[in-house]
Structures are given as C-alpha cells and as structure tokens.
Amino acid sequence: MAKADVQSPELNQTLEAAIGPASFLTLLQKEILDLVMSVRFIVLLMLCVLLIPLSLYVNAQTYERWLADYNEQLKIESALRGSRGGWSGTRPPSPLAVFANGIETSLPKGFSIQPNQIQMDKPRSYGDPIYEVFGRIDFLFVVQAVLSLIAFLFAFDAISGEKEMGTLRLCLANAVPRYKILLGKFTGGMLTLAVPFLIATGLGLIILTATGYPLFDQNLGTKVLLMVITSIVYIGTFYLLGMLISSLSHQSKTTLIVLMLIWVVLVLAVPRLSIIVAGMIRPVESDAVIALRKKLLVENIQKEKGRALKDLYFEKARQEGLAEGALTFDANDPEFVRRRNEIAKPFEARMRDELAKIDEDHQRKKQRQLRLARNIARISPASVFAYVMTDMADTGETVKMRFFDAVRRHYDRVDRLVFSRMYQDLIMDEGHYWRFGGTLPGEERPEEPPRFEFRFPEISESLAHSLPDVALLVIYALFFFIATHMAFIRYDVR
Amino acid sequence: MIEAINLTKRYEDGVLALDSLNLKVNPGEIYCLLGANGAGKTTTINLFLNFIPPTSGTPLINGIDVTRDPLEAKKYVAYLSENVMLYGNFTARQNLDFFAKLGGKKNLKKEDYYMVMREVGLPERAFEQRVKEFSKGMRQKLGIAICMIKDAPALLLDEPTAGLDPASAAEFIETLKELRRRGKAILMSTHDIFRAKEIADRVGIMKEGRKVMERTREELEYENLERLYLDYMRGGLGPEPEERRAS
Ligand SMILES: Nc1ncnc2c1ncn2[C@@H]1O[C@H](COP(=O)(O)OP(=O)(O)O)[C@@H](O)[C@H]1O
Ligand SMILES: [Mg+2]
C-alpha cells in the first residue's frame, strides 16, 4: 500500500475520482454481480426462457386454428349468400392475441340475425382443449403476474437487506452520495431483469416467425416492439415499488411479506374487485334480461298490430268469400297491401324505435359501468399494463365495443335492405291464430345481402387510445422513484 | 484529524446518548474509547460518519465539519463497523475490490488485495472463498482489510477486536501499530482494556454519554487502567474537573 497523508495531492486526486462517474459504475457492477449470482436470477432466467417462448408458440398454434376456422366460416357464408347466410357475420381473430388473449377468447366469434333479433355465437375458446389447458398463459400474463413477482424478489432486500448485512453502512462511509447508490441499484436491477426477459422474448419471436407467424405484416412488428417496451416500463414500476418498500423498512423479511401482500392486491385483487365494485355502484341488467325484455316488447307490439289488422284481414276474407277460419294475405291486391302497410308500418316503426332505445340505453349503462371499473382498476399498475397490452393487441375493450357497434350497424343495414321489405303479421281471434310472412310485393330483396365488415383499429388509433395508460404507468414509475429517493435520503443506515 | 467539539446527541425518544463530548485524535495517534454497553461509543462514531445528525456540537474530520460537507469529509475516513456481514455471495477479494473502488482506489491488482488480506491475517485459502462461508472472526478480518485498503488518513473502528481469537487480536494490534506508523489518526471503541493500554496513545472512558476520564499513554505508565475503569463504572468517581479534561 502506498503511503499517503492528507496533504498529498496524489491522494486528493484518487479521492476525487471516487465521486466521479466511476463510483456509479462500481456500484452498478456490484449490483449486477450480486443479483446474477443469486438463486432468484436462475429462477428468472428459467421462467422467462420457459414460459415466454412456450406461451407464444402455443398461442400462435391456437391463432392458426382460429384463422383457419374463420376462413372456413367465410367460405360457408359466401356459399349461403342470397339465402339467410348473408344475414350472419364472423369476426376475424386478432393476430396479436398471441401476445395478449384479452377479449379474443371470450368475445363471440360471430353472430346471426333475424328480424328484431341478434343471436351471438359461442366464443372462440368454447370447447378448445388446448386453450382450456394452456391458453390462459400468454405473454401478458407472464409479464403481468410472473415478472412483477420476480421484480419484487429482486428488489425486496435492495435497501433493507444491505442494512442488515451492514454493507449499506460501509458503502455510505465513503464519499458516495445516496442517490448514486439508488441509481446503481435501479440500473443494475433493471438490467438484470430486462436482459433475460429480452433474450427470452427474442427467442419466442424467432420461433414465431419460424412457424409462419406474420410478424412483419401490417404493423404487427411495431406493435410487438411497443408491447415489449411497455413491459419493461411495467417491470420497472414493480421493481421501483419493491425498492420503495425496502427503503421504508429495516428488515428484508418484513419487506418481503409486505411486498407479497401488495402483489396479491395489485395483481390479483384490484383488477377483479374493480368490476365487482363498479357493478355495485353502477348496476346494469344482464344481457339475458335485456334479451327477454326485447322479446316481450316484440310480442306485445306484434299483438297490438295484429289487433289493429284483424278487421282488415277478416274484411278481405269476406270479400274473397273464404271459408270460416281462413284468412289470406293477398299480395296481388294493391289496395289490400296499401291498407295493410298503412296500419302496420307505424307499429313496426315504433317497435324499431323502442328496441333501439332499449339497446342504446343498455349499451350506455354498460359503457359507464365499464369506464368506472377501468378507472377503479387504474389504482393498480397491473391493470393499467393489461389495458395497454390488450389495446395494442386489438383484444381490448375498444375492439369489443367496435365489434358490437359493427354488428349493430350491420343489423341496421340488413334491416333497411331486407327486413323493412318484409311483412310478418300475427292475427288472433278466439283462440285461433294466423301467421303471415314474406316479402312485400313490389319490394324485391336485393341480389347481394350486405356483407358484415369488421376492421381492427389503425395503429395510430390503438396508440392514441393506450397513450393515457402508458403515461399513467410512467407516472407510477416516476412517483415510486421519487418516493424511494425521499425515503432513502432519510433512511437510518445504522 | 478527528475532532469532536461539544458533541451532543439526544435521540428522538429522549435518550441523551452523548453529552458534550470533546476529543481530538492527531495523525499518528491511536485513541481508545472505553465504556460499558450503551455508553455512547457507537453513537460517537456514527456522528463522525454523518449517519445521524448531532443535536449540537461539531464533529470534524481533517478539519471538515462532517455535518456541513459529509461527502468531502468521508473522503478522508475509513470505517469498520461492529458485526459486519458483507456481501455473502462475493468472495473475500470481490468484497475488497468493491469497497476499494468505492473508496476511490483504482487499478489495484489481485496481488494488492492479497497483500492486504495477508496483512490482516486472513488465511490464504479464504481469499477466493465466498464470504457467506466465513466465520465471524474471518469477516471481521476482512472488514479490517476493507478499512485499510482505502488508505484514508482517519480511521473509525467500532469494536474491531470483537469476535477475534486472541492470536488474531494480537495480530490486529500489530496492524494498528503499522497504521499509526504510517501517520493515520485512529479512533476505536473497545472493551479490551489490556489491548487499549498496550497501544493507545490516549484513552477515554465513557459513561452514560459522558467522557468521565481521559489519560495519555505517559499518564497511564503510573496508573492502573483497569482499576480506574472499574472505579468509574462502579460510579465511585465522578467526572473529572474541567481543567483536567481540557489538557
Ligand atoms: N436509534 C436509537 N434511538 C434511541 N436510543 C438509541 C438509539 N441508538 C442508541 N441509543 C441509545 O443511546 C445510548 C448509547 O448507545 P451506543 O452508542 O450504541 O452505545 P455503545 O456503542 O457504547 O454500546 C444507549 O443508551 C442506547 O440505548
Ligand atoms: Mg456499540
């Protein structure tokens, strides 16, 4: 060892170096080394390399099947075109559901319509054995639940553990400002978390492209990139939260217990409870109740209309000299048709209006409840992250709303072009009833029934929609960082 | 080099842990703080490291007020705490390397680290061994090595011989003498009266936060330190008059 005393300029120079950027690199290097040599790093590495590529592969296979199913459905529909086939529609699967299943599995895969009724199909996942066994594990789940947990495991002893080991005291006996220690810990921890994650994701993407997944089509690649970046911000948020709790406690064991509790609340409880709480604050009738109400309404108005038409039909039968109990809809009598329409059309218009009102009202209430649930859930970064990911993947609430809107628009089109040119009358008299139905004379059906069209949102739209949530995630991270800094400045290192 | 002026610490819960302490350790001097558990020794050392703020008074390192400019002051001080665990996953050398770099020592080679570890009496086989397999004494020795490698002009040692076997403690005393020869100012707290008498240039006895006695090496030639210590502990003797302390 070199001899040195206070006055030596040489010593001063070396000491000068201690507070330069070099000490940051020293801290960073130590942090990475310390984490990499710990068991949790092996756990992280194994879980990432196992779960991410495997989930991507399995989900891609599922997507392939959905896509084949969708194309088959389209073929059947165009074969049935001209008959009632044109009145149904199928929803294409979102390719990015491979990364975030979202609503893709629970949303009806298509629908069929009849006058005054929209019948939704079963969801895609219905009866899908692979989905039922494995499908719930997607990239979103791995990051949201597994990596957030590992981020906590990386962070829990960051401050309180070093205090217990006495190393924090030793570090701070040097000319190192506290923020630098914090920065070294944050950067080191994030690098150690991000690198295995990125490697595993890269591996997964290679497997995807190798099996024919269209990663480079449309804007998929860009969206995947954004999802990966968001994932890293999310992992950082949890890592910082872990550091915050660690710098608020003096025992790493306590920190770990508190963090497990926080994890359960943020990742498991809040996203589910938000829906329940929103349901209590803003109750909405179930879809089944609404369907029944609509059915009742249709029946009532049909009966009213029948009563109003009864005299016309009986008069017609008398004129024609038909036998007792025989009624007819005479399409060749323009006067009868004119008078029938005059009476029936106002009822039909009223039915259309009232059905639309029930639908609109129901939709509005559902939207409001959903918005409330989302806002409640936003107290957890895990929910915010899920919103961003599903919005990016076109498997979020936006797409759900878009789909239902598209279905309603399609119904309106079919209604205008087809149903409004049809008649359906129900005449009742002393326990007897007669049904008449068909195309009104002079109003032929269009050759080509309208096709159902569904387009995923443009990338700019998805981005704009998820931007507030991304910002919120960043705000969470910044908040945790500042709070950690403030806690650590006051931290009692003894 | 190391100086306390009317240093006082009252903890948040009202405990007066340090009451108007004055002491000075010059370069090339070893100052031993004696005192029962809870006398305020660790509090004193923590105040010199700015781990806790003083209630009043000034701790100085190299003439720098620690409370005013802690980062500047810490450049000139090396520290060994009671029962340090260190980084268990790291080897002895990796621990030493990290703290050396943090202390501003660059470009040290493996040999430099080995030399210091040899000097503190760490067995050769332990150099590349993980610290979590170390005994308490071995960790203590590595702590001393960490303290030494910074090569700072002021040393604060909190019970450095606690946990050392007699042979290692004797070795440690030799190391301290070498450091003194190099001109370091050393402030150490200890329970070991014999060693204190052997190496201290100045001894202070603390009781309930007050320095009740201070003797120089020369003065101790004619007095029995152990007797003095026990007398003060028993409370037989009150604090010395002010003039005596000021000397
Ligand atoms: N953080 C604290 N809060 C309150 N009292 C404390 C704290 N740390 C130490 N003390 C009290 O201060 C006194 C001196 O303690 P300390 O300096 O650790 O003694 P020593 O190192 O001489 O054994 C003791 O009475 C102890 O109980
Ligand atoms: Mg003590």
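Here are questions and answers on a predicted model.

Colleague: What ground rules apply, and what are the ipTM and pTM scores?
Modeller: Residues are numbered from 1 along each chain as its sequence is written, with chains lettered from A and ligands numbered from 1 in the order in which they are written. The scores are ipTM 0.92 and pTM 0.90.

Colleague: Over which residues of chain B does pLDDT stay under 50?
Modeller: pLDDT is the predictor's confidence in each residue, from 0 to 100. Chain B has a mean of 90, and 95% of its residues reach 70 or more. Where pLDDT is low, the predicted coordinates should not be read in detail. The stretch under 50 in chain B is residues 242-247.

Colleague: What kind of aromatic pair do A:Phe111 and A:Phe452 form?
Modeller: Rings of Phe, Tyr and Trp (its six-membered ring) pair if their centres lie within 6.5 Å; planes under 30 degrees apart are stacked, over 60 edge-to-face, the rest tilted. Here the centres are 4.8 Å apart and the planes make 80 degrees. The pair is therefore edge-to-face.

Colleague: How many residues apart in sequence are the parts that this pair ties together?
Modeller: Helices (H or I, at least four residues) and strands (E, at least two) are DSSP runs, numbered from the N terminus. A:Phe111 lies in strand E2 (residues 110-114) of chain A. A:Phe452 lies in the loop between strand E5 (432-439) and helix H15 (459-489) of chain A, so the parts tied together are separated by 341 residues.

Colleague: Is A:Phe111 buried or exposed?
Modeller: Buried means under 20% relative accessible area, exposed over 50%, partly exposed in between (1.4 Å probe, protein chains only). A:Phe111 has a relative accessible area of 1%. That value makes A:Phe111 buried.

Colleague: Which residue has its charged end over the ring of A:Phe403?
Modeller: A:Phe403 belongs to one aromatic cluster with A:Phe111, A:Phe404, A:Phe452, A:Phe454 and A:Phe456. A charge sits over a ring if NZ of Lys or CZ of Arg is within 6 Å of the ring centre and within 35 degrees of the ring normal. At 5.5 Å from the centre of A:Phe403, the residue is A:Arg91.

Colleague: Which strands stand at the edges of the four-strand sheet in chain B?
Modeller: The order is E2-E1-E4-E5 (chain B), with antiparallel pairing. Each edge strand has a single partner strand, so one side of each is left without a neighbour in the sheet. They are E2 (16-25) and E5 (64-65) of chain B.

Colleague: What is the relative accessible area of B:Arg180?
Modeller: B:Arg180 lies in helix H6 (residues 166-181) of chain B. B:Arg180 touches residues including B:Glu29, B:Asp201 and B:Arg217. B:Arg180 is buried, with a relative accessible area of 17%.

How values were computed. This is a predicted model: local features need pLDDT of at least 70, side-chain atom pairs count only at pLDDT 80 or more; totals for chains, interfaces and linings use all residues. Side-chain values use heavy atoms; hydrogens and water are left out. Contact means heavy atoms within 4.5 Å. Two strands pair if DSSP finds at least two bridges between them. Lists of a residue's contacts leave out its neighbours within four places in sequence.
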